[in-house]
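This report walks through one structure, part by part. The sequence and the model come first.

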Amino acid sequence: VVEQGLCDELIFIVSPQNPLKSSTELAPEFSRYEMCEMACASSRYPEQIKVSAVEFVLEKPSYTINTLRYLSEQFGSEMEFSLLLGADNIENFDKWREYEEILRDYRLLVYPREGYSAEKFADKITLLADAPLFDYAATDIRKEITEGKNFTDKVVPAVAKYIIQNKL
């Protein structure tokens, strides 16, 4: 999205409690924040790709609509917000809290994912059709770590080192 000029900045928001995931399958929130910060700093666009802990101060569980409302209230006069999500998430998007409001009020950019269709809500999303495809997801990386397999080729070196040192 940065390379294609679809945004001025890309901010990854670390969610302390995703209502659709078990908290036991995730690393501690501050560890996830630090790893995301390392990954952003290692990107080709470190000045434009950053991380935020805004959801750490919002009510839990973290609902995207609440975060978007908060950001719009705080910064809406200065910024326009879009939501970037993977095609795997668009398949379950109608399970998200107040998803209709998100579709109505925010631009959705959908990153293609191998094995997932982005046909649902096709008329309301922007599919990033030219984006490079990866044949793995964060779930796959967590599984490899749990099984003691080598995962280091799927994350930046600083993140791999952090995971190993902190026994995540």
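Helices here are DSSP runs of H or I with at least four residues, numbered from the N terminus. The model is predicted.

## Helix α1 and Ser31

Helix α1 covers residues 29-41, and Ser31 lies in it. Ser31 counts as buried because its relative accessibility is 12%, and the cut-off for buried is under 20%. The side chain of Ser31 makes a polar contact with the side chain of Tyr162, at 3.3 Å. Apart from neighbours within four places in sequence, Ser31 is in contact with Tyr162 and Leu168.

## The open sheet

Three strands form an open sheet in the order β3-β4-β5, and their pairing is parallel. At the edges are β3 (82-86) and β5 (125-127), each of which pairs on one side only. On average, neighbouring strands of this sheet are turned by 25 degrees against each other, direction ignored.

Strand β4 spans residues 107-111 and is joined to β3 by 5 bridges, the two running parallel. Across this pairing, Leu84 stands opposite Leu109 in β4. In general, strands of a sheet pair through backbone hydrogen bonds, either parallel or antiparallel.

In soluble globular proteins, nonpolar side chains tend to be buried together. The largest nonpolar core in this model has 21 residues, of which Leu85, Ile90, Phe93, Ile102 and Leu108 touch the most other members. At least two residues of this core come from each of α2 (64-75), β3, α3 (87-90), α4 (99-105) and β4.

Which residues are in contact with Leu85, leaving aside its neighbours within four places in sequence? They are Ile90, Phe93, Trp96, Leu108, Leu109, Val110 and Tyr111.

## Aromatic rings

A pair of aromatic rings is described by the distance of the centres and the angle of the planes. The count of aromatic pairs comes to 7. One of them joins Phe30 and Phe56 edge-to-face, with 5.0 Å from centre to centre and 85 degrees between the planes. This pair links distant parts of the chain: Phe30 is in helix α1, while Phe56 is in the loop between β2 (49-52) and α2, 26 residues apart.

Elsewhere, Phe93, Trp96, Tyr99 and Phe121 form one aromatic cluster.

## Backbone exceptions

Most residues other than glycine have a negative phi, and most peptide bonds are trans. The peptide bond from Lys60 to Pro61 is cis, with omega near 5 degrees. Pro61 is placed in the loop between β2 and α2.

Glu98, in the loop between α3 and α4, has a positive phi near 50 degrees. Its relative accessibility is 36%, so Glu98 counts as partly exposed. Phe121 also has a positive phi, near 65 degrees, and lies in the loop between β4 and β5. Phe121 counts as buried, because its relative accessibility is 17%.

## Glu144 in helix α5

Helix α5 covers residues 138-146 and contains Glu144. With a relative accessibility of 17%, Glu144 counts as buried. Beyond neighbours within four places in sequence, Glu144 is in contact with Lys149, Asn150, Phe151 and Lys154.

How values were computed: Residues are numbered from 1 along each chain as its sequence is written. This is a predicted model: local features need pLDDT of at least 70, side-chain atom pairs count only at pLDDT 80 or more; totals for chains, interfaces and linings use all residues. Side-chain values use heavy atoms; hydrogens and water are left out. Buried means under 20% relative accessible area, exposed over 50%, partly exposed in between (1.4 Å probe, protein chains only). A polar contact is a pair of N or O atoms within 3.5 Å; within protein, one must be able to donate a hydrogen and the other to accept it, and residues adjacent in sequence count only if both atoms are side-chain atoms. Contact means heavy atoms within 4.5 Å. Two strands pair if DSSP finds at least two bridges between them. Axes are lines fitted to C-alpha atoms, for helices over the stretch in contact, and angles run from 0 to 180 degrees between N-to-C directions. A nonpolar core is a set of buried Ala, Val, Leu, Ile, Met, Phe, Trp, Tyr and Cys residues joined through side-chain atoms within 4.5 Å. Rings of Phe, Tyr and Trp (its six-membered ring) pair if their centres lie within 6.5 Å; planes under 30 degrees apart count as stacked, over 60 as edge-to-face and the rest as tilted.
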